[in-house]
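Walk through this model with the coordinates open.

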Amino acid sequence: MGEINIHTDQLQVVPGLVGGYIFAVGLCSLVTKERLFLSETLLAMVYGIIVGPRVLDWMDPSEWSSNSLQLTQEFSRYALAIEVMIAGVSLPKKYVLKELVSLLMLLLPLMTIMWLVSSAIIKFVFELPFLHALAIGACVAPTDPVLANAILKGMFAETHVPLRLRNILTAESGANDGLGYPFLFFALYLMRLGGGKAIGTWFYSTWAYQIILSIAIGTIAGYVARKALQYAETAGWVDKESFLSSSITLTLLLVGICTILGTDDILCCFVAGNSFTWDDWFRIEVEDTGLQETLNGLLSMSFFMYFGTIIPWSSYTSANMLHPWRITVTVVLVMLLRRLPALMASYKLIPAVRTWQDALFAGWFGPIGVSAVFYSVETIKQLEEYENSNGGRVAEIVYPIVCAIVFGSVLVHGVTIPLVLMGKRVKTTISLSATNIRNQPSNPPPRYTFRGSFSNQDTRENDDKNSLQIDPPMEPARRQTIVIA
């Protein structure tokens with residue numbers, strides 16, 4: 001008789017934990033998303049914290065690989081690449097060209113302000129040199145497409161957020177993730193090289209090679225893929241499944257090419273997505289399939305479940321400069337000052353943001369997520385690769401600081417919509433109550449109380465209390481025989 005073996009290794013446990021959670025959440029997804037308006041990413045992060053090393057210790061990514069940071073970076077890289085491709089594909093025909101002014105305002109002046117404000121907060125709270133703070137601030141400057149999709153999709157967004165605002169925020173979140181490289185390497189080159197040599201290297205290595213070359217590769221790849229797919233579809237060579245997955249396979253191809261060449265794979269995928277659906281053909285073909293929403297849900301839940309297990313809670317101690325009060329102050333100030341004031345002050349220069357209400361929504365919902373984790377690991381990688389980087393303690397503290405800010409962003413942006421809706425309901429209830437009170441007559445009609453029993457069987461619902469209060473009817477009622485005790 002064979003023995004029964006129960007396997008409790010991570011390889012066997014993790015698929016069950018991940019799959020079981022996604023299946024269970026799916027069973028009540030309509031309630032959580034369309035009625036309670038709870039964020040999938042917030043729920044997934046909380047679940048990850050619970051099953052992670054901090055609480056139950058059922059899932060520990062540090063046991064999956066000898067280099068857990070590299071695993072985190074590659075996971076975030078592919079999640080970002082797929083999300084920015086989806087963002088690019090979901091935009092209307094020639095959208096980037098039509099909204100070029102708005103995009104340039106969001107990607108250049110506003111993103112620069114977000115970088116500088118975040119860096120200034122980090123500098124003063126943690127008492128760091130400004131160059132070191134610039135490197136950490138660059139990680140949290142971009143808005144995140146994974147969290148942005150969670151906010152800009154669904155019944156709440158479709159009901160309350162104009163389509164033009166949803167489109168511009170989607171385009172911004174897709175484009176500025178790839179544009180995080182110039183801000184990060186500006187600080188790293190200055191720390192490593194200093195002066196004019198750093199600026200020169202920054203221009204030709206970051207802007208010319210990483211940014212411009214990535215845009216060129218993405219534009220050409222998206223155009224060629226679109227023409228090839230159109231020809232194959234017309235000729236009857238491609239089936240529905242391969243047709244729908246073409247954007248994802250294109251993403252994997254571009255990530256591989258850009259990683260080999262050392263260029264900006266995230267920006268390349270977003271540009272390729274725009275080029276791929278430049279004539280709106282592919283977007284219209286896949287619009288009603290639900291493929292993009294399904295991929296977005298699986299990616300966001302999987303990554304933030306993973307993120308919940310890797311938050312370095314042990315780093316937030318009073319024994320080092322990452323004291324809990326510093327972390328808390330940093331998260332609060334970054335949430336309040338990083339984006340909202342600048343957008344409220346400059347929204348009249350952004351054609352797609354037409355009103356102050358638009359600016360308030362766009363300024364508040366600029367989430368920090370997967371891209372920040374990706375850039376924090378890239379910062380550590382760059383500082384460890386070059387011994388003369390003069391990075392001080394940046395490599396030691398960048399990851400815990402960024403993870404804390406991401407945690408705060410997921411939490412704050414995840415509960416904002418439910419709290420707003422709850423506040424509206426309370427306000428409406430109070431308003432209706434006040435209106436009813438004002439509309440009541442000054443001398444209300446008397447209330448008559450009859451004690452006893454009714455001979456009519458239809459009015460016995462309160463017999464057990466032997467008391468019933470009856471207001472004088474507004475219209476003639478059916479005659480009833482009342483027996484007075």
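Asp-57 sits in the loop between helix H3 (40-51) and helix H4 (68-90). Helices here are DSSP runs of H or I with at least four residues, numbered from the N terminus. Asp-57 is not a glycine, yet its phi is positive, about 60°. With a relative accessible area of 43%, Asp-57 is partly exposed; buried means under 20%, exposed over 50%, partly exposed in between (1.4 Å probe, protein chains only).

This is a predicted model: local features need pLDDT of at least 70, side-chain atom pairs count only at pLDDT 80 or more, and totals for chains, interfaces and linings use all residues. Residues are numbered from 1 along each chain as its sequence is written, and side-chain values use heavy atoms, leaving out hydrogens and water.

Lys-94 is in the loop between H4 and helix H5 (95-98). Lys-94 also is not a glycine and has a positive phi, about 50°. Its relative accessible area is 33%, so Lys-94 is partly exposed.

Now take Asp-265, in helix H15 (residues 265-276). Asp-265 counts as buried because its relative accessibility is 0%. Leaving aside neighbours within four places in sequence, Asp-265 is in contact (heavy atoms within 4.5 Å) with Arg-77, Tyr-181, Val-255, Cys-258 and Thr-259.

Last, the helix pair. H1 (residues 10-27) passes H17 (residues 291-310) in a right-handed crossing, meaning the near helix is turned clockwise from the far one by less than a right angle. H1 contributes Val-18, Tyr-21, Ile-22 and Val-25 to the contact; H17 contributes Leu-298, Met-301, Ser-302 and Met-305.

Technical notes:
Axes fitted to C-alpha atoms, helices over the stretch in contact; angles between N-to-C directions. Helix = DSSP H or I, 4+ residues; strand = E, 2+ residues; numbered from the N terminus.
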